[in-house]
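Thanks for coming, everyone. Please take a look at the sequence and the structure, and then I'll walk you through a few spots.

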Amino acid sequence: MTTLIKICGLTTPDTLDAALEGGADFVGAVVFPKSPRHIAPTDAAVLFERARGRAKIVAVTVNPDDALLDEIAQTLKPDFIQLHGSETAARAEDVRALTGAGVIKALPIRHGDDFAAADEWDYHADHLMFDAKPPEGSALPGGVGHSFDWTLLADRVFRHPWFLAGGLNPDNVAEALRITGAPMVDVSSGVESAPGVKDAGRIAAFIEAVRRS
């Protein structure tokens with residue numbers, strides 16, 4: 001079974017094109033001003049139009065209010081809204097109603113007991129994403145290049161296909177897939193030359209490494 005790939009935090013035409021030409025299944029726009037990958041919904045709408053019909057478009061948000069969700073829905077028109085904050089599972093139904101998009105929920109993982117939240121979210125999200133819990137005091141909920149103990153995912157079963165995220169890069173993604181059997185992977189900082197600066201060569205190398213696995 002082919003592993004699906006999401007390249008997240010894209011902000012420029014050349015790197016979006018690298019993801020599309022490599023065959024990425026999902027492409028992500030981060031709508032969160034504190035992130036070095038932030039892109040305004042109106043700018044994202046222009047950039048990501050080239051991806052429509054070629055890859056699923058994901059708007060990555062952190063505790064978005066209704067006004068932001070409405071703006072994203074009206075301009076970017078994403079296939080999925082990714083919730084990367086402290087949202088409740090009930091919020092997923094609001095997000096669907098407001099945007100008409102599917103829901104990806106990122107859950108921060110450091111220890112085995114961090115999977116407890118997955119039990120409830122598994123019934124509300126189209127896809128779960130297991131990301132490394134950021135360091136204490138971090139202003140960002142993800143995209144910091146940290147990974148977690150992948151063996152924590154071994155033999156776990158979920159209702160829907162799920163994403164592995166956190167610290168993945170072209171050099172370690174094959175090992176991560178071997179350990180976890182993840183049906184989907186998400187990468188952001190692992191294909192950058194500097195925070196927020198995507199590298200087309202690293203994007204291509206990551207996609208190739210996943211396809212070879």
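One term before we start: contact here means heavy atoms within 4.5 Å. Also, keep in mind that this is a predicted model.

Let's begin with helix 4, residues 91–99. Which of its residues are buried? They are Arg91, Ala92, Val95 and Thr99. Look down the axis of helix 4: these buried residues fall within an arc of 105 degrees, so they line one face of the helix.

Now zoom in on Ala92, which sits in helix 4. Buried means under 20% relative accessible area. Ala92 has 0% relative accessibility, so it counts as buried. Set aside the neighbours within four places in sequence, and Ala92 is in contact with Val103, Trp121 and His124.

Next, a helix pair. Helix 1, residues 13–22, packs with helix 7, residues 200–212. The angle is about 20 degrees, and the axes are 9 Å apart. That angle makes helix 1 roughly parallel to helix 7. Their crossing is right-handed.

Who makes the contact? From helix 1, Thr15, Ala18, Ala19 and Gly22. From helix 7, Ala200, Ile203 and Ile207. By class, this contact of helix 1 with helix 7 has 5 nonpolar and 2 polar residues, and no charged ones.

That's my tour. Thank you.

Methods. Residues are numbered from 1 along each chain as its sequence is written. This is a predicted model: local features need pLDDT of at least 70, side-chain atom pairs count only at pLDDT 80 or more; totals for chains, interfaces and linings use all residues. Side-chain values use heavy atoms; hydrogens and water are left out. Buried means under 20% relative accessible area, exposed over 50%, partly exposed in between (1.4 Å probe, protein chains only). Helices (H or I, at least four residues) and strands (E, at least two) are DSSP runs, numbered from the N terminus. The arc is that of the directions from the helix axis to the C-beta atoms. Axes are lines fitted to C-alpha atoms, for helices over the stretch in contact, and angles run from 0 to 180 degrees between N-to-C directions. Angles under 35 degrees count as roughly parallel, over 145 as roughly antiparallel, 65 to 115 as roughly perpendicular and the rest as oblique. A crossing is left-handed if the near helix is turned anticlockwise from the far one by less than a right angle, and right-handed if clockwise. Ala, Val, Leu, Ile, Met, Phe, Trp, Tyr, Cys and Pro count as nonpolar, Asp, Glu, Lys and Arg as charged, and the others, Gly among them, as polar.
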